[in-house]
Amino acid sequence: MALLEIRGLTKRFGGLVAVNNVDLSIERGEIRGIIGPNGAGKTTLFNLVSGALSPTSGTITFDGKVVSGRKPSHIARAGLVRTFQRNALFPTYTVLENVMLSRHTQTDESLLKAILGTDRRDEEKNLARCREIIEFLELSQYENDLAENLSHGHQRILGIANALAVEPKLIMLDEPVAGMNPTETAMVTDHIRRMRDDWNMTVVLVEHDMRTVMETCEYISVINFGELLTEGTPDEVSENPEVIEAYLGSEELEL
Ligand SMILES: Nc1ncnc2c1ncn2[C@@H]1O[C@H](COP(=O)(O)OP(=O)(O)OP(=O)(O)O)[C@@H](O)[C@H]1O
Ligand SMILES: [Mg+2]
């Protein structure tokens with residue numbers, strides 16, 4: 001069975017069907033791209049999978065267990081986390097504090113312990129692991145800087161660090177390179193590959209930057225008007241007339 005299995009997933013907002021009967025299977029160790037025009041339903045799909053929204057119908061199975069309808073903290077503990085299209089940081093805390101806080105708050109577990117400092121040995125382990133994550137994402141030199149003082153690119157990378165703090169098996173990245181310059185984009189692309197290659201993670205990437213998607217993902221699912229339009233390799237998808245049609249009139253597709 002695939003690591004993430006989505007069957008017949010539907011989300012209605014009143015009369016609008018934002019996600020319509022979507023089936024998706026993501027295998028362990030994949031870097032999967034999800035693309036589609038603005039408003040296609042990509043972020044809603046992430047919100048459903050991460051538990052921020054409950055589906056109208058359909059099931060989501062992660063690592064062999066049904067997670068649809070469960071709370072985000074439960075789903076995070078199961079090993080599935082997402083980053084946000086707009087950053088969700090603790091702006092007045094340092095980089096290291098952000099990663100430590102995320103480790104506790106997203107899984108609901110030992111926040112009280114962390115505050116009271118009762119379990120010192122655990123906290124030392126947590127601290128070491130958070131530093132490892134920060135180093136992995138090349139943020140060590142900013143460890144003691146406040147999140148709000150980082151550059152846009154580094155704030156986005158801190159968003160990824162906060163997600164990694166939960167030790168996910170699968171990470172969903174919502175437009176990780178949006179607003180980044182080419183150097184920052186290349187850095188994030190490299191981090192994504194290393195997350196998979198060195199840390200054995202599965203990555204699902206929603207991104208409008210086609211170059212990043214085409215270079216990073218082995219397989220791409222295309223969503224249009226809430227429905228799965230097609231799936232294939234970057235070459236197959238970029239040559240598919242239906243995909244080109246879906247993007248016509250939008251300036252996003254520069255293949
Ligand atoms: N909480 C909500 N209530 C009502 N409608 C919503 C809600 N969230 C999203 N929508 C609508 O659902 C549709 C899909 O939105 P969504 O944000 O998932 O698209 P997207 O593919 O992520 O777009 P973008 O590429 O612009 O980020 C849009 O029409 C949007 O307005
Ligand atoms: Mg979106």
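1. The largest nonpolar core holds 44 residues, among which Leu158, Leu164 and Ile171 touch the most other members. A nonpolar core here is a set of buried Ala, Val, Leu, Ile, Met, Phe, Trp, Tyr and Cys residues joined through side-chain atoms within 4.5 Å. Buried means under 20% relative accessible area, exposed over 50%, and partly exposed in between (1.4 Å probe, protein chains only). Helix H6 (residues 152-164) gives the most to this core, with six residues. At least three core residues come from each of domain 1 (1-79 + 169-255) and domain 2 (86-167); the domain bounds come from an automatic or database domain assignment.

2. The model is predicted: local features need pLDDT of at least 70, side-chain atom pairs count only at pLDDT 80 or more, and totals for chains, interfaces and linings use all residues. Residues are numbered from 1 along each chain as its sequence is written, chains are lettered from A and ligands numbered from 1 in the order in which they are written, and side-chain values use heavy atoms, with hydrogens and water left out.

3. Ligand 1 is surrounded by 14 residues, the closest being Asn38, Gly39, Lys42, Thr44 and His208; a residue counts as near if one of its heavy atoms lies within 4 Å of the molecule. By class, the shell divides into five nonpolar, seven polar and two charged residues, with Gly counted as polar.

4. A polar backbone atom of Gly41 is 2.9 Å from an oxygen atom of the ligand. Taken alone, ligand 1 exposes 640 Å², of which the protein buries 62% (Shrake-Rupley method, 1.4 Å probe).

5. Strand S2 (16-26) and helix H1 (42-50) each supply at least two residues of the ligand shell, and H1 gives the most, with three. Helices (H or I, at least four residues) and strands (E, at least two) are DSSP runs numbered from the N terminus. Eight of the nine residues of H1 are buried, including Lys42 and Thr44. Gly51 follows H1 and has a positive phi, near 90°.

6. Ile223 is found in strand S9 (residues 219-224). Ile223 counts as buried because its relative accessibility is 2%. Ile223 and Ala246 are 23 residues apart in sequence and 9.2 Å apart in space, C-alpha to C-alpha.

Terms used: A polar contact is a pair of N or O atoms within 3.5 Å; within protein, one must be able to donate a hydrogen and the other to accept it, and residues adjacent in sequence count only if both atoms are side-chain atoms.
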